[in-house]
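Subject: Structure handover

Hello,

Here is the structure I promised to pass on. Please open it first, then read my notes below.

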Amino acid sequence: MSDRWDNFYLRMALESARMSKDPSTKVGCVLVGKNRSIIATGFNGFPAGVADTADRLHDRDKKLELVVHAEMNAVLMAARLGIATDGATCYVAATDDSQEIWGGPPCLRCAVECMQAGIREYVSWPTKPSLLTNWADSIAKAKAVIEEAGLVYRTVPFVSNWCTPDAELGCAAHQRNNNRCRTCPLDKNMMYRTR
Ligand SMILES: [Zn+2]
């Protein structure tokens, strides 16, 4: 899959992530099948019918007990609809209330479960390490186990729809406008941030 298509699906995953009500970690997933067909999407959240109360969302232990991760929500949506996930590609993106893009490869639990759903490829943007301290170990183990099973684990460069991204300089319009571009939603931190 080209960077252009990869980024299309990753931007969709990012929009899914923004639907999450989790204040600290918002993850979105898009499962893609043959012929670029979108199988299902998901974001992290509680099961349908379980209330998103502040009490649950702000207590990490309570939240972790109840939350369904984005990748599993996508797999389970496909299960509910009776759509095969065998051979699919899993696109994952993550953010938080600040809107910074974290990258967002799968955690170990999602990886092993997606592997058993027949998902063969795992794609995300580069991880921003400082923002992933809680999950760094799980993400590293997920990568190792995916590769051990002979599946594909890819990190692709962030490509904007709006201007040519350059992590240091930004596009010409960014530079002319003191790193604020009037014609695109990205600023000089565009590698990880959209607005
Ligand atoms: Zn997960």
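What share of the contacts with a separation of 6 or more comes from residues 24 or more positions apart? In this chain, such residues account for 62% of those contacts. Please keep in mind that the model is predicted.

Now the overall layout. The chain has 195 residues, and buried residues make up 38% of them. There are seven helices and six strands. Along the sequence, their order is α-β-β-α-α-α-β-β-α-β-α-β-α.

Next, the core. The largest nonpolar core has 39 residues. Those that touch the most other members are Ala13, Cys29, Leu31, Cys90, Tyr91, Val92 and Ala93. In soluble globular proteins, nonpolar side chains tend to be buried together.

Take a look at Leu31. Leaving aside residues up to four places away in sequence, Leu31 touches Ile39, Ala40, Ala74, Ala78, Thr85, Ala88 and Cys90. Cys90 is also listed among the core residues that touch the most other members.

Last, a helix pair. Helix 5 covers residues 108-116, and helix 6 covers residues 136-148. The two pack at an angle of about 25°, and their axes are 7 Å apart. Angles under 35 degrees count as roughly parallel, so helix 5 is roughly parallel to helix 6. From helix 5, the contact uses Leu108, Ala111, Val112 and Met115. Helix 6 contributes Ser138, Lys141, Ala142, Val145 and Ile146. Seven of these contact residues are nonpolar, one is polar and one is charged.

Best wishes

Terms used: Residues are numbered from 1 along each chain as its sequence is written. This is a predicted model: local features need pLDDT of at least 70, side-chain atom pairs count only at pLDDT 80 or more; totals for chains, interfaces and linings use all residues. A nonpolar core is a set of buried Ala, Val, Leu, Ile, Met, Phe, Trp, Tyr and Cys residues joined through C-beta atoms within 7 Å. A residue is buried if 20 or more other C-beta atoms lie within 10 Å of its own, exposed if 12 or fewer, and partly exposed in between; C-beta atoms are placed from the backbone. Two residues are in contact if their C-beta atoms, placed from the backbone, lie within 7 Å. Helices (H or I, at least four residues) and strands (E, at least two) are DSSP runs, numbered from the N terminus. Axes are lines fitted to C-alpha atoms, for helices over the stretch in contact, and angles run from 0 to 180 degrees between N-to-C directions. Angles under 35 degrees count as roughly parallel, over 145 as roughly antiparallel, 65 to 115 as roughly perpendicular and the rest as oblique. Ala, Val, Leu, Ile, Met, Phe, Trp, Tyr, Cys and Pro count as nonpolar, Asp, Glu, Lys and Arg as charged, and the others, Gly among them, as polar.
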